[in-house]
Every structure is written in C-alpha cells, then in structure tokens.
Amino acid sequence: AQRVTQPEKLLSVFKGAPVELKCNYSYSGSPELFWYVQYSRQRLQLLLRHISRESIKGFTADLNKGETSFHLKKPFAQEEDSAMYYCALRRGSQGNLIFGKGTKLSVKP
Amino acid sequence: DGGITQSPKYLFRKEGQNVTLSCEQNLNHDAMYWYRQDPGQGLRLIYYSQIVNDFQKGDIAEGYSVSREKKESFPLTVTSAQKNPTAFYLCASSLNSNTEAFFGQGTRLTVV
C-alpha cells in the first residue's frame, strides 16, 4: 500500500534549537518525495523535493531508501518556521500526491 | 496576477443541497487536482484531471463530481450524497503530472 506517515502531530522547539520533522513512506516503486509547508493564513506551498537536493530556508531532507524515510531537518530553528508541514509522495505516472497527516511546528522565542 | 484561484473563500449550505466550488488557473497547466483537508487527516485526493475533458477518481471520490470542459477550470460539486461535506477544500494545478503542484487558497465549506 502507498502511504506517508508523519508520526508527530505537534513538534515544539525553542528558537535556535535543531529541528527534525519525521516522514516515513511505503511505496513499491522508485519514490519521489516532497515537503510542503503551510504558514498561517497562506496557501500550501512546496518547500523542497528530494530530487533537487537543495536547501530551502535552511531546511534539508535526505531520502533514505533503506529506512524508507525523508525526514526534514534544520540545524537552528527560527520563529518564522512555525507552520504546518506536510510530507508528500508522488504516485507514479498518475502524478498526484499522497500526503501525510502533517506536523505542526511551533518555534518558541 | 497569475495563479490558481478558488472561490468563494467561505461557503455555507443547507444539508441536502448540492454545491459547486470554483477553481480557475491561468498558469496554462494541464493537470488539476482537488483535495480535502480535515484536521488531523492531512490532505486526501478527491478527483484529478491530467488533461482537459478527462478526469479520474481519487481516494475519496464518493459524493463528489467534477468536470473539465476547459483547461483553466476544474469545478467540484459536493453532492447531497457526501456524508460529511463540511471541510476545507484545496484545488491545485501542475504543468503536467511530473512537475510541482501549486495550490489555491482553499474554500471552507460548512453544511448546516
């Protein structure tokens, strides 16, 4: 079965602390994974995708096929990082995305 | 101003009535999608369309219908058969099935 699991509903950290948002997936083929972010009162937007291997706003994510994970990391969290984060898996040739249930990140001052 | 537009932002309907949510894009994207977002559930795919005049059911299509008569428009009808229609509905589009999806700002539907 194709599935994306984000085990944490809420993650609360202090400003300057490292943050890791967990994402595990189940997919029989070669996965294409994404992180989307939804800031308060803004639309859902792409943060990063694993094939680009880039760092956006200090966030990185590495695809680990052995552990079927795509965790999102940032070494020093900022208050403006507070948002809802969704991990997503592209469903083969259909192109549509399967989303995890999301993790709300709260960065305290 | 380019992008993907959903209207209205808030919608109220009485139980038993059908209601249509609008989604328009001027990005010249071939693919369009409808998702439903519920607290604690993430986003779930309702319907998607990879090209005009064609669409497929997603994971939770029951009680919904769509049309794709024009490339730029992908309206979603929530019918009276949908048991729990109150939700936040998100429309998205992408150039094709392999590219980034762009999302609208959503429509919050409340059925009373």
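Modeller: Between chain B and chain A, ten residue pairs are in polar contact, with both residues at pLDDT 80 or more. A polar contact is a pair of N or O atoms within 3.5 Å; within protein, one must be able to donate a hydrogen and the other to accept it, and residues adjacent in sequence count only if both atoms are side-chain atoms. The model is predicted: local features need pLDDT of at least 70 and side-chain atom pairs count only at pLDDT 80 or more, whereas totals for chains, interfaces and linings use all residues. Residues are numbered from 1 along each chain as its sequence is written, chains are lettered from A and ligands numbered from 1 in the order in which they are written, and side-chain values use heavy atoms, with hydrogens and water left out.

One salt bridge is counted between chain B and chain A, the term meaning a side-chain nitrogen of Lys or Arg within 4 Å of a carboxyl oxygen of Asp or Glu. D59(B) and R91(A) form this bridge through their side chains, at 3.0 Å from N to O. On the side of chain B that touches chain A, β4 (31–38) and β5 (42–51) of chain B each supply at least two residues; strands here are DSSP runs (E, at least two residues), numbered from the N terminus. β5(B) gives the largest share of that side, five residues. By class, the side of chain B comprises nine nonpolar, ten polar and two charged residues. Ala, Val, Leu, Ile, Met, Phe, Trp, Tyr, Cys and Pro count as nonpolar, Asp, Glu, Lys and Arg as charged, and the others, Gly among them, as polar.

With contact taken as heavy atoms within 4.5 Å, 21 residues of chain B and 18 residues of chain A take part. The two chains bury about 1,700 Å² between them, and 44% of this lies on carbon and sulfur atoms. Within chain B, the residues that lose the most area to chain A are L43(B), E100(B) and F103(B), which together account for 26% of what that side buries. Such buried area is the accessible area (1.4 Å probe) that two parts lose on being put together, summed over both.

Aromatic residues come next. Over all chains there are eleven aromatic pairs. Rings of Phe, Tyr and Trp (its six-membered ring) pair if their centres lie within 6.5 Å; planes under 30 degrees apart count as stacked, over 60 as edge-to-face and the rest as tilted. One of the pairs is Y36(A) with F103(B), edge-to-face at 5.6 Å centre to centre and 80 degrees between the planes. This pair joins two chains, because Y36(A) lies in strand β5 (residues 33–38) of chain A and F103(B) in strand β10 (residues 102–103) of chain B. Y36(A) and F103(B) are both buried, that is, under 20% relative accessible area, where exposed means over 50% and partly exposed in between (1.4 Å probe, protein chains only). The ring centres of F99(A) and Y35(B) are 5.3 Å apart with the planes at 90 degrees, so this pair is edge-to-face. It also crosses between chains, from F99(A) in strand β10 (residues 97–99) of chain A to Y35(B) in strand β4 of chain B. F99(A) and Y35(B) are buried.

R90(A), in strand β9 (residues 83–90) of chain A, is buried, since its relative accessibility is 4%. A polar atom of the R90(A) side chain lies 2.8 Å from the backbone oxygen of S97(B). Beyond its neighbours within four places in sequence, R90(A) contacts residues of chain B including N98(B), T99(B) and E100(B), and residues of chain A including Y27(A) and E32(A).

The salt bridge between R91(A) and D59(B) joins two chains, because R91(A) lies in the loop between β9 and β10 of chain A and D59(B) in the loop between β6 (54–57) and β7 (64–66) of chain B. R91(A) is buried at 11% relative accessible area.

Over all chains the structure holds nine salt bridges. Among them, D81(A) pairs with K74(A), the closest N and O atoms being 2.8 Å apart; D81(A) is buried at 3%, and K74(A) is buried at 10%. In chain B, the side chains of K71(B) and D30(B) form a salt bridge at 3.4 Å from N to O.

Notes: Helices (H or I, at least four residues) and strands (E, at least two) are DSSP runs, numbered from the N terminus.
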